[in-house]
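This report describes the contact between two chains and a few local features within one of them.

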Amino acid sequence: MTGIIALYIFMLAAFTGYEVISRVPVILHTPLMSCSNFVHGIVLVGAMVALGNAHTPLEKTIGFIGVLLAAGNVVGGYVSTERMLEMFKSSQDKKKGPQT
Amino acid sequence: MRLPHSLTDELIQAVYFLAALLFIVGLKRMSSPKGARGGIVWAGIGMLIAGLITFLWPGMHNDILILTAIFLGGIAAWWSGKRVPMTAMPQMVALYNGMGGGAAAAIACEELIRGRALANAPAVLAVIGAIIGAVSFSGSLIAFAKLQGLINKSLRYGAQQVVNALVFLTTLALGGWMVVLHGAAPSAIVIAFFALALLFGVLVTLPIGGADMPVVISLYNACTGLAVAFEGFVLGNAAMIIAGMVVGAAGTLLTQLMAKAMNRSIANVLFSNFGETAAQGGEIAGSLKPIEASDAAVMMAYASKVIVVPGYGMAVAQAQHKIWELCQLLIERGVTVRFAIHPVAGRMPGHMNVLLAEAGVPYDLIGDLEEINSDFESADVALIIGANDVVNPVARTDKSSPIYGMPILNADKAKNVIVIKRGKGAGFSGIENALFYLDNTRMLYGDAQKAGAELIQAVKTLD
């Protein structure tokens, strides 16, 4: 990837993030933060590539730590976001019963 | 199974593109409570396909090691994430976030320690990403330890800012040196660089007080996003650049919102050692007037409108269930009950909303600062539960107060104010709360859970 293309991606992604988030209501700030926490877990694929190309024991150790941490980020981020979102219900949902 | 090289490459890029799209759609769906649950599922699918396709990356080996690491990290996080109580969510979010930062730093470390020459731009971004990721990692761990109660004191000493600045500048210098060497620096320098970056994260987070944690947690979230984006550039991975950058921008926006809700700049939160100088501020006339639970219950049961203001004290006492039970009794009696939430109440953005949702409070009863502030004037009772600085009227009136100018909930405008509070001490900032001394304020001393139970009993005996 050339530098200038990457620069365009940086800029557009930053504006996208800003626009998408600026509409999130205050009551969803925690799930939002937790969800974005999950999204940066994409670092997992980078860590996998790094470990996948490691040769010396030192490289393998660092790569292993990277994948371990990234997997924790992904799974932890998903589980905690899911648990929080499960709890948000409006008055109407309550009347329909606990199944909803 | 290996597909032809160019075809695999195109397939991987296509899947990464799809993953990035799913992440953005998922975050977008967070803008309403109805769509939010679908949002995390969309993002989850994106993550799953991106992870799976990465095994086809050309030249990958160590598959067993990769799977072992994913399995171990995943199981540990799944187990902890499932069983942690909702009140402990802020520290878990900090912890998982720190892990992401650590992973980004590990990628950078891998690239730099390999000794392979990098071009100028990747070398610069690898180093910057490494610093941000490492600081986010160690800083988040300290934030976790503080919120978990493992570290109780905020470390502060005389030349703190000078020491921090020195550590940071040395880190930058080593980083600059590695850039000059095109990433092919000796291992000793790489290790010293990472050690210093990690140390800086620890030093800068240690002095920050608990009530500033919403700002800190969302700031480190943004940092990890940026670190991931930069390392994505080094690896030529567009999915990492897009996802990391979106999170970086989102986290920055959220951090700004939090800092604004405290009327302070982000720099002020990080570097001001708030609380140390805060004991000043004007004297407050009047006295604290205690009330019995039975009298407080009568006051609320015969009110037409009650606004509940929860704060960190409610989270500590895990009182959200009792409080909602009390409110349901009041609603049955025909009382209008609303919840008023300050953006920085608790220890992470939206902390109170999550706790109330856990207790079963419908989100349409909850109002934020702008929505509900004008309602206090028509409220008969404002019930303050473990909140302090966010309802302190000196923020409006006393120019000498450190919190002057901070937007607050106007609980003092209600006809009566009942404050549930454990003791007579001042809030985290050490500022006396003028609200507690008003003529129409009564103090109900005790742990929020116990006080809630007493109020429930008292309301029940009224019939």
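## Packing, interface and backbone

In this predicted model, the buried residues of helix H11 of chain B are covered by elements of chain B that include strand E1 (305–310), helix H13 (320–332), strand E4 (381–385), strand E5 (416–421), strand E6 (441–445) and helix H17 (448–460). H11(B) spans residues 293–301, and its buried residues are Ala293(B), Ala296(B), Ala297(B), Met300(B) and Ala301(B). Seen down the axis of H11(B), these buried residues fall within an arc of 130 degrees, so they line one face of the helix. An α-helix has 3.6 residues a turn, so residues three or four places apart point the same way.

The interface of chain A and chain B comes next. In it, 79 residues of chain A are in contact with 101 residues of chain B. Between them the two chains bury about 8000 Å², with 78% of this area on carbon and sulfur atoms. Phe10(A), Met33(A) and Arg83(A) supply 9% of the area that chain A buries against chain B, more than any other three residues.

Three salt bridges are counted between chain A and chain B. In one salt bridge the side chain of Arg37(B) meets that of Glu86(A), at 4.0 Å from N to O. On the side of chain A that touches chain B, the elements giving two or more residues are helix H1 (3–22), helix H2 (29–39), helix H3 (43–52), helix H4 (57–87) and helix H5 (91–95) of chain A. Of these, H4(A) gives the most, with 28 residues. By class, this side of chain A has 46 nonpolar, 25 polar and eight charged residues.

| Residue | Relative accessible area | Class |
|---|---|---|
| Gln91(B) | 7% | buried |
| Asn62(B) | 15% | buried |
| Gln318(B) | 38% | partly exposed |

Gln91(B) sits in helix H4 (residues 89–113) of chain B. Neighbours within four places in sequence aside, Gln91(B) is in contact with Phe144(B), Leu147(B) and Gln148(B).

Most residues other than glycine have a negative phi. Asn62(B), which is not a glycine, has a positive phi of about 60 degrees; Asn62(B) lies in the loop between helix H2 (33–53) and helix H3 (63–83) of chain B. Gln318(B) also has a positive phi, near 55 degrees, and is found in the loop between helix H12 (312–317) and H13 of chain B.

Notes. Residues are numbered from 1 along each chain as its sequence is written. Chains are lettered from A and ligands numbered from 1 in the order in which they are written. This is a predicted model: local features need pLDDT of at least 70, side-chain atom pairs count only at pLDDT 80 or more; totals for chains, interfaces and linings use all residues. Side-chain values use heavy atoms; hydrogens and water are left out. Buried means under 20% relative accessible area, exposed over 50%, partly exposed in between (1.4 Å probe, protein chains only). Helices (H or I, at least four residues) and strands (E, at least two) are DSSP runs, numbered from the N terminus. The arc is that of the directions from the helix axis to the C-beta atoms. Contact means heavy atoms within 4.5 Å. Buried area is the accessible area (1.4 Å probe) that two parts lose on being put together, summed over both. Ala, Val, Leu, Ile, Met, Phe, Trp, Tyr, Cys and Pro count as nonpolar, Asp, Glu, Lys and Arg as charged, and the others, Gly among them, as polar.
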